Amino acid sequence: MRSKVVVGLLMVLVAVFFISSVATAQGSAKLLCVSKKELKGEETVASCMAKGERFAVVDPYGLVRILSPEEVELTKAFNPKAFETRAFGMKYIKTAPAMAPMPSLTKEAP
């Protein structure tokens, strides 16, 4: 009887870990163009920004943060890969890729 309870608890624990990993994979922020809502990946984010387009970060909860020029420059310094992705407008939020994660700040041992 005791082993059935342990097995049941382990099954519940595995299910919780699986559900949380799926939720975090789908719940990442996206970088979307605010000034051209019809963009569908024709250009990169960097090329759009060079033309003066404005972008925003949309988090999984729907909160939007429009990036100022200073925020763009700081983000480029810490995470340049975020601007190498294809640019999507607000209309295509479902097909837009998630932002690239920030690279590790720790140095590898020589």
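**Close-up views of a predicted model**

**Figure 1. The overall fold, element by element.** Starting at the N terminus, the elements of the protein chain follow the order α-β-β-α-β-β-α-β. That makes three helices and five strands in this predicted model. The protein chain has 110 residues, and 23% of them count as buried. Looking at contacts between residues at least 6 apart in sequence, 62% join residues at least 24 apart.

**Figure 2. Inside the largest nonpolar core.** Here you can find a core of 13 residues, in which Leu31, Val45, Met49, Phe55, Phe83 and Ala87 touch the most other members. Two or more residues each come from β1 (30-33), α2 (45-50) and β3 (55-58). Helix α2 gives the largest share, three residues. As general background, nonpolar side chains in soluble globular proteins tend to be buried together.

**Figure 3. Val45 and its neighbours.** Leaving aside residues up to four places away in sequence, Val45 touches Leu31, Phe55, Phe83, Thr85, Arg86 and Ala87.

**Figure 4. A lysine over a ring.** Take a look at Phe83: Lys76 lies over the face of this ring, at 5.8 Å from its centre. As for aromatic pairs, the structure holds zero.

**Figure 5. The largest cavity and its lining.** A search of the whole structure turns up one cavity of 30 Å³ or more. The largest cavity holds about 40 Å³ of space. Its lining is made by Leu31, Ala82, Thr85, Arg86, Pro97, Ala98, Met99 and Ala100. Among these lining residues, Leu31, Thr85 and Arg86 also touch Val45.

Terms used
Residues numbered from 1 in each chain as written. Predicted model: local features only at pLDDT ≥ 70, side-chain atom pairs only at ≥ 80, totals over all residues. Heavy atoms only, no water. Phe/Tyr/Trp six-rings, centres within 6.5 Å; stacked < 30°, edge-to-face > 60°. Lys NZ or Arg CZ within 6 Å of the ring centre and 35° of its normal. Core = buried A, V, L, I, M, F, W, Y, C linked by side-chain atoms within 4.5 Å. Buried < 20%, exposed > 50% of the residue type's maximum accessible area, 1.4 Å probe, protein only. Helix = DSSP H or I, 4+ residues; strand = E, 2+ residues; numbered from the N terminus. Contact = heavy atoms within 4.5 Å. 1 Å grid on protein atoms, 1.4 Å probe; cavity = no way out; pocket = protein on both sides within 12 Å on 5 of 7 lines; lining within 4 Å. Points joined across faces, edges and corners; volume = space filled by probe spheres on them.
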